[in-house]
Amino acid sequence: MTPGSLANGSMSSTFLLSGIPGLEHVHIWISLPLCFMYLISILGNCMILFIIKTEPSLHEPMYLFLSMLALTDLGLSLCTLPTVLGIFWTGARGIGHDACFAQLFFIHCLSFLESSVLLSMAFDRFVAICRPLHYASILTNTVIGRIGLASVGRSVALIFPLPFMLKRFPYCGSPVLSHSYCLHQEVMKLACADIKANSIYGMFVIVSTVGVDSLLILFSYALILRTVLSIASRAERLKALNTCVSHICAVLLFYTPMIGLSVIHRFGKQAPHLVQVIMGFVYLLFPPVMNPIVYSVKTKQIRDRVTHAFCN
C-alpha cells in the first residue's frame with residue numbers, strides 16, 4: 001500500500017510520520033543539525049554518567065539524582081532517534097501500529113520519569129539548604145534508591161494502559177501524524193471511535209504527574225527562598241542560590257516546551273502546523289541536549305572533571 005493511498009483515508013495497519021511540512025526537499029540538510037544535536041545529547045549524557053560513576057567524590061545525593069536525569073535524557077534521545085533520522089535521511093515515514101504504541105509508551109514514560117527526577121532534585125536542594133545538618137541522614141543511598149524506584153513505578157503504572165487503550169480502536173481515517181515520532185494525544189485523534197476515555201485519562205495523567213510535580217517544585221523553591229533570605233551574609237545567600245541555578249535551568253528546559261506542546265495539541269487547533277512540529281522537536285530534543293551543557297558549565301565538580309578529561 002502506497003503512502004498516497006494511506007493518506008486518502010483507507011483502513012491501514014501503519015501510521016505516517018511527518019518531517020517538516022513544505023521543506024521535504026531539504027530534509028537531508030535539516031538532518032545535519034538534528035544529527036549534531038543527537039550526538040551532543042548522547043555523548044553529553046554518557047559523559048555525565050561516566051564522570052559520576054568513576055569519581056568517588058561525586059557519589060553524593062545531588063549527583064546520583066543528576067545521573068538519573070542523564071539516564072532519562074539518554075533514553076528519550078534513543079527513543080526518537082530511529083524514526084526522526086529515518087524520515088530525514090531516507091523518507092521512511094511508515095510505522096506499524098504496535099511499533100508506534102511501543103514508542104509512545106517509552107516517550108511518555110521517560111518524560112514523566114524526568115518530571116519525577118526533577119522533583120527529586122528539588123527535594124535534594126530543599127534538604128541541602130533548609131536542613132543542612134540532617135542532609136546525610138535524610139538522603140541516604142537507600143532513600144535515593146527508593147525514590148528512583150517509586151519514580152519509575154509511577155511512570156510505568158500510569159502509562160502502561162495507554163498502548164492497550166489505543167490498540168482497541170479502529171483507525172480508518174487519515175493515518176498522518178504531525179511529528180516524526182508517536183504521541184498519545186496525536187494517535188488517539190486518528191481513531192474512528194469515541195476517544196473521550198483516552199482524553200480524560202490523558203489529562204488525568206498529565207495533572208497527576210507534571211501538574212503535581214511542578215507545584216511541588218514551586219513549593220520547594222518557595223521554602224528555599226524563605227530560608228535563603230533569612231541568611232545574614234549576602235555572600236552565603238548567593239552561594240546557596242548558586243547551587244540551585246543548574247536545577248532551575250533544567251526545570252525550565254523541561255516544563256516550558258512540554259506545557260507549550262500540550263496546550264497546542266489540546267487547545268491550539270488554529271495554530272500553524274509548523275509551530276506544532278517545531279515545538280515537538282524542542283520538547284524532546286532540547287532538554288537532553290542542554291542539560292549536560294548546563295550542568296557541565298554551572299557545576300564546578302562536573303566542569304573540573306570535563307576540563308581535566310579534555311586537557312589530558
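**Reading a predicted helical model**

The span of residues 26–52 is 96% helix and 0% strand, and its end C-alpha atoms lie 40 Å apart; helices (H or I, at least four residues) and strands (E, at least two) are DSSP runs, numbered from the N terminus. This is a predicted model, in which local features need pLDDT of at least 70 and side-chain atom pairs count only at pLDDT 80 or more, while totals for chains, interfaces and linings use all residues. Residues are numbered from 1 along each chain as its sequence is written, and side-chain values use heavy atoms, with hydrogens and water left out.

Student: What does pLDDT stay under over residues 1–9?

Tutor: Where pLDDT is low, the predicted coordinates should not be read in detail. The score is the predictor's confidence in each residue, from 0 to 100. Over residues 1–9 pLDDT stays under 50, whereas the protein averages 88.

Student: How is the packing of helix 2 and helix 13 to be read, and at what angle do their axes cross?

Tutor: Two packed helices are described by the angle between their axes and the distance between the axes. Axes are lines fitted to C-alpha atoms, for helices over the stretch in contact, and angles run from 0 to 180 degrees between N-to-C directions. Here the axes of helix 2 (residues 27–54) and helix 13 (residues 300–311) cross at roughly 100° and come within 11 Å. The two helices are therefore roughly perpendicular (65 to 115 degrees). Helix 2 contributes Met47, Ile48, Ile51, Ile52 and Thr54 to the contact, and helix 13 contributes Ile302, Arg305, Val306 and Phe310; contact means heavy atoms within 4.5 Å.

Student: Which residues does Ile302 touch beyond four places in sequence?

Tutor: Ile302 touches Ile48, Ile51, Ile52, Leu58, Tyr63, Leu66, Tyr295 and Ser296.

Definitions and conventions:
Parallel < 35°, antiparallel > 145°, perpendicular 65-115°, else oblique.
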